[in-house]
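Here's a quick look at a ligand site, seen from the protein side. Have a glance at the structure first, then read on.

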Amino acid sequence: MTKIAFLGMGIMGAPMARFLAKAGHEVVVYNRTASKALAWVALNGGQAAPTPAEAAAGADIVALCVGNDDDVREVVIGTDGALAAMSPGSILIDHTTASAGLARELAGACSERSVGFVDAPVSGGQAGAEGGQLTVMCGCDDDETFDTAKSVIDAYSKSCVHLGPAGSGQLTKMVNQICIAGLLQGLAEGINFAKLAAGEFDFGFAVEWMRKDLGICLEEAERNGARLPVTALVDQFYKQVAARGGERWDTSSLANLLENP
Ligand SMILES: NC(=O)c1ccc[n+]([C@@H]2O[C@H](COP(=O)([O-])OP(=O)(O)OC[C@H]3O[C@@H](n4cnc5c(N)ncnc54)[C@H](OP(=O)(O)O)[C@@H]3O)[C@@H](O)[C@H]2O)c1
């Protein structure tokens with residue numbers, strides 16, 4: 001049994017933490033909106049902590065799945081952040097989709113405290129998280145840290161791969177999102193053409209997170225010189241969806257632009 005803190009009880013984090021509890025680990029959860037952490041404990045047992053630092057104290061592993069780079073900084077190195085409370089030899093696993101630069105920054109901050117770090121963004125969506133079937137793309141500077149992290153991640157994944165040093169998981173997830181962006185627009189066009197769209201978008205992967213992901217891809221492409229014309233175009237479509245109040249609609253809501261131009 002491993003002592004694990006899980007930070008962020010959102011669409012993805014709550015089911016991931018549930019699989020850790022089911023696997024017999026001792027789980028302490030933290031969520032910014034405390035009621036969600038308490039609801040999780042009522043369903044799954046374990047404990048809820050009022051701050052990331054209190055959740056992380058004494059944990060062997062601290063895993064998190066929050067929103068964007070700023071949110072990760074807040075829960076890891078902000079006031080009452082997890083890192084300052086972590087013991088040497090413990091491991092921080094970040095499942096948030098964030099920038100590769102942040103992953104390298106966190107790997108450095110963790111290393112100064114003799115804490116291991118794995119950037120571990122996921123693919124598989126809400127269904128993958130709820131079924132414990134996620135694909136996890138990992139960046140990590142040493143094999144031993146990765147192996148320990150993987151033994152825990154296995155509880156909610158069907159595939160967990162070490163792709164290279166810190167930041168490599170996030171770079172791989174960018175490739176995933178670049179491939180998905182054009183595909184989603186194609187699917188929206190097909191569904192609209194067949195007049196199957198039910199106009200319901202209240203589930204899954206929020207437009208605000210997709211725009212954050214595409215922003216990360218476009219920023220990285222400015223650094224490495226890659227051309228991403230379709231990704232940039234689909235990002236503009238999502239911008240229009242967000243402007244209609246669709247920031248929290250599911251990514252399939254591209255169909256809304258086609259239905260109601
Ligand atoms: N949903 C998907 O299908 C999917 C698939 C792959 C990857 N992802 C990625 O996984 C991450 C989480 O996605 P999600 O769909 O689970 O999002 P979500 O349902 O919106 O949950 C986000 C979680 O992060 C917490 N949070 C956000 N900002 C915070 C801050 N500054 N301080 C503390 N906690 C904060 C939220 O707390 P509150 O409850 O207080 O708001 C919530 O628990 C994102 O990076 C997303 O891109 C999502």
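For sorting residues, Ala, Val, Leu, Ile, Met, Phe, Trp, Tyr, Cys and Pro count as nonpolar, Asp, Glu, Lys and Arg as charged, and the others, Gly among them, as polar. On that scheme, the shell around the ligand splits into nine nonpolar, ten polar and eight charged residues.

This is a predicted model, where local features need pLDDT of at least 70, side-chain atom pairs count only at pLDDT 80 or more, and totals for chains, interfaces and linings use all residues. Numbering runs from 1 along each chain as its sequence is written, and side-chain values use heavy atoms, with hydrogens and water left out.

There are 27 residues around the ligand (a heavy atom within 4 Å); Asn31, Thr33, Lys36, Gly67 and Lys212 come nearest. Domain 1 (3–165) and domain 2 (170–259) each supply at least three shell residues, the bounds coming from an automatic or database domain assignment.

Here are some polar contacts (pairs of N or O atoms within 3.5 Å):

| Residue | Protein atom | Ligand atom | Distance |
|---|---|---|---|
| Lys36 | side-chain N or O | oxygen | 2.6 Å |
| Asp71 | polar side-chain atom | nitrogen | 3.0 Å |
| Gly204 | backbone N or O | nitrogen | 3.5 Å |

On its own, the ligand has 910 Å² of accessible area, and the protein covers 93% of that (Shrake-Rupley method, 1.4 Å probe).

Note on methods
A polar contact is a pair of N or O atoms within 3.5 Å; within protein, one must be able to donate a hydrogen and the other to accept it, and residues adjacent in sequence count only if both atoms are side-chain atoms.
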